[in-house]
Amino acid sequence: MPGVSLLYAGSLSLTLLAADQLADYMPGAWFELLAAGVLGLALLTLGLLLPVGWRRYREGLRGHLVVTIAASVFTALLGLLAIYGLIENASVSAVLSGADTHLTRPVMDSLPRPPGTRLLDETPGLQGTESISEDIAANNLNSIVPFYERELARLGWAEDKTSATTPILRFTRDDFVLSVGIDPPSSGYTLTLDRLSAAPSATPAPSASPSS
């Protein structure tokens with residue numbers, strides 16, 4: 001059955017690729033693709049096992065039938081696990097990517113981009129925040145920090161000097177905070193932009209009642 005073989009090969013390739021990318025912590029919807037690949041393999045396997053089990057039942061091959069039933073149950077459970085993973089991941093993603101970015105996204109898009117860089121992924125932050133992050137690949141990581149120090153200062157951003165000795169540099173402008181995190185193992189860096197909520201005004205002290 002060439003069609004089934006091609007579907008098997010495609011599902012298996014997708015599963016292996018997604019698992020490899022997840023193991024390397026690469027950005028992207030690799031978990032969803034992994035679950036989809038596993039679900040595809042489970043459905044294809046069930047489609048083959050059920051007719052075999054029915055044929056063995058009709059032929060009275062009870063011993064072989066038990067093995068087929070056990071394999072079918074295991075495959076069905078694997079498929080249900082993939083579906084459960086997709087549902088749970090969608091629920092978690094709604095929280096993890098639920099930030100309000102209508103103010104931070106335009107600021108992020110207006111930031112200068114160093115030459116020789118390429119955007120890999122853009123992700124909103126946690127629900128209830130205004131955070132947004134970008135994962136960026138760079139040909140020369142050594143040029144990234146000097147570039148942002150120079151260009152952001154020209155645009156009115158102030159560098160937080162206390163972050164100079166840490167792997168993540170921070171810059172502020174108005175109520176925005178920009179973090180630049182260099183990640184040498186991945187040959188890239190991450191920009192994270194947050195908007196700080198205005199501090200609540202202090203409650204005025206009650207005035208003293210006039211003395212009688």
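**Close-up views of a predicted model**

**View 1. Confidence across the predicted model.** This is a predicted model. The mean pLDDT of the protein is 81, and 87% of the residues score at least 70. Residues 198–212 have a pLDDT below 50. Beyond near neighbours in sequence, this stretch makes zero contacts in the model.

**View 2. The six-stranded sheet.** Six strands make up an open sheet with antiparallel pairing. Their order is E1-E2-E6-E5-E4-E3. Which strands lie at the edges? They are E1 (117–124) and E3 (158–159), and each of these pairs on one side only. In a regular strand, side chains alternate between the two faces of the sheet.

View 3. E3 and strand E4 (residues 168–173) run antiparallel and are joined by two bridges. Alanine 158 sits opposite threonine 172 of E4. Glutamate 159 has phenylalanine 171, also in E4, as its bridge partner.

**View 4. E4 against E5.** How many bridges join E4 to E5? There are six, and the two strands run antiparallel, with E5 spanning residues 176–183. Across this pairing, leucine 169 stands opposite valine 180 in E5.

**View 5. The E4–E5 hairpin turn.** E4 and E5 form a hairpin, with two residues between the strands. Aspartate 174 lies in the turn. What is the phi of aspartate 174? It is positive, at about 55°.

Key. Residues are numbered from 1 along each chain as its sequence is written. This is a predicted model: local features need pLDDT of at least 70, side-chain atom pairs count only at pLDDT 80 or more; totals for chains, interfaces and linings use all residues. Side-chain values use heavy atoms; hydrogens and water are left out. Two strands pair if DSSP finds at least two bridges between them. Helices (H or I, at least four residues) and strands (E, at least two) are DSSP runs, numbered from the N terminus. pLDDT is the predictor's confidence in each residue, from 0 to 100. Contact means heavy atoms within 4.5 Å.
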